[in-house]
Amino acid sequence: MRPVVAQSSADFYFAKARTLGMYNSGKNQLGTDLLDSWSKGNVREQHAAQYGRALLAMEAKNYAEASKQLQPLLSAEPQNAWYLDLATDIDLGQNKTAEAVNRLKNARELRTNPVLQLNLANALLEAGQAGEAATILNRYTFSNKEDTNGWDLLAQAENKLGNRDQELAARAENMALVGRLDQAISLLSAASAQVKLRSLQQARYDARIDQLRQLQERFRPYQKM
């Protein structure tokens, strides 16, 4: 039998374009050679090339060119999460927060796609709608406890709402996720001091402090090695 050559998925190309375009430096970047090569390939590669050009224009803050490159793709697939994600970045770069919020609220995959949920929360924050953003982020962090982006955005939302204890608690979870348990405990202790004595909220903060202290003890022997 002849070996079967599996074609890479569209998601693979979009992920590669985004990684090379936004997070890499040096030689391993999203450049014209790769984009030109994709432009001559199959439909998935051609779409990735156009997406990549829109991405590079957005990164260069050339939002008009970014929109020009992305719009044909978005018009053909208005529910494509990759396109919606990039369209949000372009909108926010131009302070078009209302457009970003409306587009994301109409996304069919909003309830199941974490990236779109975070994008919407971020857009709501930029639009001055911290209360709605906090509602989304509280649900998000409950389901995605290990995502530092969610906790960071929640801390920002609670800060804008003036909920100091909840802001501190969100920042504490971020510290815990990166292994800075001392700082996490300190932040939670400060949060506990902000709320009513012997309240349910204080009990929750104190219980979380106990959990983190137990975690500290568990890892303490390894810190001495």
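These legends go with a few close-up views of a predicted model. Numbering starts at 1 along each chain as its sequence is written, and side-chain values use heavy atoms, without hydrogens or water. Local features need pLDDT of at least 70 and side-chain atom pairs 80 or more, while totals for chains, interfaces and linings use all residues.

**View A. Phe-12 and Tyr-13 make an edge-to-face pair.** Rings of Phe, Tyr and Trp (its six-membered ring) pair if their centres lie within 6.5 Å; planes under 30 degrees apart are stacked, over 60 edge-to-face, the rest tilted. That rule gives 7 aromatic pairs. Here the centres sit 5.4 Å apart, with 75° between the planes. Phe-12 is partly exposed at 42% relative accessibility, whereas Tyr-13 is buried at 8% (buried is under 20% relative accessible area, exposed over 50%, partly exposed in between; 1.4 Å probe, protein chains only).

**View B. Tyr-51 and Tyr-83 form a tilted pair.** Their planes meet at 40° and their ring centres are 6.3 Å apart. Tyr-51 belongs to helix 3 (residues 43–59) and Tyr-83 to helix 5 (residues 81–93), 32 residues apart; helices are DSSP runs (H or I, at least four residues), numbered from the N terminus. Both tyrosines, Tyr-51 and Tyr-83, are buried. Ring pairs also tie them into a cluster with Phe-14 and Trp-82.

**View C. Lys-145 puts its charged end over the ring of Phe-142.** The distance to the ring centre is 4.3 Å. The rule wants NZ of Lys or CZ of Arg within 6 Å of the ring centre and within 35 degrees of the ring normal.

Note on methods: Helices (H or I, at least four residues) and strands (E, at least two) are DSSP runs, numbered from the N terminus.
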